[in-house]
Amino acid sequence: MGANIRATGAPPHEALCGDSPTLGLGTLVSHSPDPSPARTRESVKGRVLVVGASGFLGRAVVRALAEDGFEVRGLARDAAKGERIRENGGIPFLGDILDTPSLASAIAGCTAAVHLAANPSREEDAMQVRVEGARWLVEAARSAGVSRLLIGSGYWVYRGQPKPIDEDAAVDPRGESRVNYETERVGLAAQTAGKLDVSVLRPGMVYGDGSWFRGMATAIRSGEYSVVGDGKNRWSFVALPDAGRAFATVLRSGLGGEVYNVVDGSPVMLREFVDFVAGKLGARAPPTIEVDAAAGVFGPEVAHHLAADRPTSNEKLCRLGWQPRFPSFREGLPPLLRTMYPHSSGRSD
Ligand SMILES: NC(=O)c1ccc[n+]([C@@H]2O[C@H](COP(=O)([O-])OP(=O)(O)OC[C@H]3O[C@@H](n4cnc5c(N)ncnc54)[C@H](OP(=O)(O)O)[C@@H]3O)[C@@H](O)[C@H]2O)c1
């Protein structure tokens with residue numbers, strides 16, 4: 001099954017749970033110096049709580065917000081995860097999105113919050129952490145007088161279509177994307193102009209050293225990856241640091257009640273992307289597996305998503321002033337792959 005999981009590009013979950021043996025939930029993980037000592041109180045743009053801050057996307061968001069001048073708190077489920085938050089310029093607070101007191105104490109004094117908590121230790125808890133967690137975060141935000149909430153979702157909520165997908169395109173949430181879609185709905189239902197402005201961000205396939213891309217690259221390298229369908233369907237990508245910066249942009253300039261796609265604006269056929277990765281890694285071009293056969297291996301929802309055509313537009317986000325530093329995978333993947341595989345036999349250009 002391991003090979004199958006990797007072949008889907010499904011993220012490996014490092015799900016550790018529970019309280020710290022030495023600290024109570026809701027406490028600052030440790031009293032270390034300000035991660036950005038050069039910043040004066042006047043220059044801080046606001047204090048933001050990121051929930052899911054130790055995760056793949058969450059860490060990039062913490063980094064981008066900190067670089068943008070926000071004071072960033074990150075909810076960490078244990079002290080070790082807190083270190084990941086600190087490394088990215090955030091201040092870790094011990095807590096859990098489903099533990100009200102810890103959430104209340106972490107959010108106190110914040111002007112904004114970001115929901116990226118996902119992928120709990122047990123898959124059956126996904127709904128609880130994402131959807132119920134969103135409700136609890138909305139409540140905590142209201143009680144603390146927080147005026148801005150960002151909900152991280154994903155572009156898999158869209159129905160596939162050949163023409164460019166903007167934020168008004170039809171949705172067809174299934175599997176994991178249904179959980180994300182319901183999370184969005186909880187956030188948008190809480191939208192209260194001027195009091196709690198809620199925006200939803202739908203990142204495309206975020207590539208970085210982790211999550212689905214590490215799984216895909218590993219499987220391509222070992223010859224275990226298969227392209228589902230004919231590979232002519234288009235995926236929409238975004239480099240991890242650009243995705244993080246998108247959250248900072250929407251926090252600063254986005255509107256409440258609105259949804260923003262987070263993609264680099266260069267959708268590409270899956271076959272082209274996969275063959276590019278294979279070429280860089282010195283691996284053979286992966287074979288193809290029929291969608292029906294893939295459904296038997298990965299389940300129908302995942303197979304459907306992998307074969308869907310989703311050429312997605314970033315125009316709305318760009319109108320807020322965001323521009324991807326990596327306009328396509330052609331610029332973004334080579335430096336990433338060199339970091340991930342410094343001794344790769346593949347081409348280094
Ligand atoms: N990865 C992508 O390419 C991508 C693309 C588009 C959309 N998305 C969406 O973005 C969201 C985040 O994805 P990701 O890839 O960053 O996931 P991830 O790496 O698994 O991170 C999930 C985060 O949620 C935390 N978490 C889990 N249960 C929690 C709880 N009960 N209380 C507080 N925090 C909890 C985890 O903490 P621990 O570190 O302690 O486990 C971790 O920090 C998901 O909804 C996903 O669908 C991801």
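**View 1. Ser211, a buried residue in a helix.** With 21 C-beta neighbours inside 10 Å, Ser211 counts as buried; the cut-off for buried is 20 or more other C-beta atoms within 10 Å of a residue's own, while 12 or fewer makes it exposed and anything in between partly exposed, with C-beta atoms placed from the backbone. Ser211 sits in helix H7, residues 211–221. Its phi is near 50°, a positive value in a residue other than glycine. Helices here are DSSP runs of H or I with at least four residues, strands are runs of E with at least two, and both are numbered from the N terminus.

A quick note for every view: this is a predicted model, so local features need pLDDT of at least 70 and side-chain atom pairs count only at pLDDT 80 or more, whereas totals for chains, interfaces and linings use all residues. Residues are numbered from 1 along each chain as its sequence is written.

**View 2. Strand S4 and its two faces.** In a regular strand, side chains alternate between the two faces of the sheet. Here, Ala112 and Val114 point one way from S4 (residues 112–115), Ala113 and His115 point the other way, and all are buried.

View 3. Strands count as paired if DSSP finds at least two bridges between them. S4 pairs with S1 (residues 47–51) in the parallel sense over 4 bridges, and Leu49 stands opposite Ala113. S4 also pairs in the parallel sense with S5 (residues 148–152), over 4 bridges, and there the bridge partner of Val114 is Leu150. To get from S4 to S5, the chain crosses through helix H5 (residues 126–144), and this β-α-β crossover is right-handed (with the strands pointing away from the viewer, the path from the first strand over the helix to the second runs clockwise).

View 4. Asn119 lies in the loop between S4 and H5. Its phi is positive, about 50°, although Asn119 is not a glycine. Asn119 counts as partly exposed because it has 19 C-beta neighbours inside 10 Å.

**View 5. The shell around the ligand.** Of the 34 residues around the ligand, Gly55, Leu57, Asn119, Gly154 and Val206 come nearest; a residue is near if its C-beta atom, placed from the backbone, lies within 6 Å. The elements giving two or more residues to this shell are H2 (56–67), H6 (176–189), strand S7 (205–207) and H7. H2 makes the largest contribution, 3 residues.
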